[in-house]
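Visitor: Hi! Could you walk me through this one?
Guide: Happy to, just ask away.
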Amino acid sequence: MAFDGITICSLVAEFQNKIENGRIQKIAQPENDALMLTIKGNDGNKKLFISASASLPLLYFTEETKQNPMVAPNFCMLLRKHLSSARITKIYQPDFERIVVFELEHRNELGDLCSKKLIVEIMGKHSNIIFTDDQDVILDSIKHIPASVSSVREVLPGRNYFIPKTTEKINPLAVSKEEFFTQVYSKPLTVLKALYQTFTGLSPVAASEICTRANLEADRPTEALSDIEKEHLYRTFSLFMEDVQEGRFTPALYYEGKEPKEYAVFPYRQYADYREVVFSSISDALTSFYAEKECYTRIRQKSSDLRRVVTTALERNRKKLDLQEKQYRDTDKMDTFRIYGELLHTYGYEAQPEAKKLTCLNYYTNEEITIPLDETMTAMDNAKRYFDKYGKMKRTRQALDTLLVETRAEIEHLETVLTALDIAVREDDLSQIREELMESGYIRKRPADKKKVKIKSAPFHYRSSDGFDIYVGKNNLQNEEITFNLADGGDWWFHAKKIPGSHVVVKTKGQELPDGTFEEAARLAAFYSKAKGAGKVEIDYVKRKEVKKPGGSKPGFVVYYTNYSMTIEPDITGIELVSD
């Protein structure tokens, strides 16, 4: 979800509850565009992190401690001069904008009571933290914006502070029914765009949620709505904004597998297919969301080198396979050359000197056949030439029979490594994949790599709704570990049919598995496969004792000759993750 007016409203409600009437005890500026305020609030000290970063502006309570510079920046020193021990008298969000205003009360050098404002604007690349007096005159800001940068508003000491109105949007908390109908339904736009382009602080995600709750397609034109649908949309919008105004917030994160996809200030129906985790406060939700999101981003960045090695090798092997298959098709002529040689041995005496062809009876088909000849050679020499071609092609085909199997196995192995890179969630997982690539010769071993280091990465551990332990390998080394070391012969083994993916093992503890556990294990096998984006995935499952590893095969490669199959959705919502 975007950091929109609804998120700001939720944060303001939390701040009012926790730190309104609290006192600022510490002020730090750990980054050029960020502040950390320590505030003694209603239930103890709170750390308020405020970032005006152009790429990721944020505002929430945190437990994290950030490293401060040796010398405090000027803006930080100014705030310390005026706001040390200042009391927060009021916190509010003006006109549902992405702005939070902290009204502050402090005593000056003479002991007189003074008022100031700290204004936080969360507006993407235009985000800022602005310090003003009680007459809204700017004393300073964390970012200075001169007229050469913005023709709309200067943000410089001595200038008057005002909220720029670049578009004529309406406060969604104060709109009447008549105004809603006039403003929304008069626009030649889709319902989605008409909503978020009409109202302040309403993001496309929030507008999409309103459409979902109203059971309307977001991309329908407003003029295509019937009177009943228009009335229903307004009613849904009103109820939605009533939840916001009344502060009925239940912050939640939405996960696709283990990866956080979105957050919301209360349950959003458009995320019904994701796994939902509810939090007690929006700050906790935001802290968790961005920390986990950063972890996944960092893992993807760190895996980029490995991914490049694998994709390069995969592309090279696919080109090799195309060439080998073409060569193999070319050897289809070898039997024709053998027959030519045999027939020339039989009928060569009929060939005229310097003849370019010989027509004779093919005793294999009882039909006439024309054999091309090199007129500079005798019939017997032509026969030898054809036998030589046949022998060369036969040897080529025999070699290709082996090479094709090896190249296809190499491609299959590399595709499983790519899938493992998609599944990796920790640096230890990447280390295990790197180890596999070194063992396979794709990455050169450095002297430091020759000393074996125990890697702590472990498979995913789930528990079925019936209480059975399910293990999912994150990569080929883990696949082999859980299949041939962790699993017993009587345990059940699952894998996406003919698709790169994880081995999934269910520990039966000597019991019969309920149908629900079979389905949950199959869903895990589908989700942790290359086909996780498909609607349905075919899953093979078999007793572990039926799974064999051919000698000399690549890590994770197994065979089985009897199995059951089911087709299932790659949805792991509701399956308990014990550990990873």
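Visitor: Is Glu242 buried, partly exposed or exposed?
Guide: Glu242 is partly exposed, because its relative accessible area is 38%; buried means under 20%, exposed over 50%, partly exposed in between (1.4 Å probe, protein chains only). This is a predicted model, where local features need pLDDT of at least 70, side-chain atom pairs count only at pLDDT 80 or more, and totals for chains, interfaces and linings use all residues. Residues are numbered from 1 along each chain as its sequence is written, and side-chain values use heavy atoms, leaving out hydrogens and water.

Visitor: What does Glu242 form with Arg248?
Guide: A salt bridge, with the closest N and O atoms 3.2 Å apart. The term means a side-chain nitrogen of Lys or Arg within 4 Å of a carboxyl oxygen of Asp or Glu. Arg248 is partly exposed too, at 40%.

Visitor: How many salt bridges are there?
Guide: The count comes to 30. One of them joins the side chains of Lys554 and Glu410 at 3.3 Å, N to O.

Visitor: Where do those two sit?
Guide: Lys554 is in the loop between strand 19 (537-543) and strand 20 (564-568), while Glu410 is in helix 9, 144 residues apart. Helices (H or I, at least four residues) and strands (E, at least two) are DSSP runs, numbered from the N terminus. Glu410 counts as buried because its relative accessibility is 15%, whereas Lys554 is partly exposed at 25%.

Visitor: New topic: which residues are linked in a network of salt bridges?
Guide: Glu31, Glu64 and Lys66 are. Within that group, the side chains of Lys66 and Glu64 meet at 3.7 Å, N to O.
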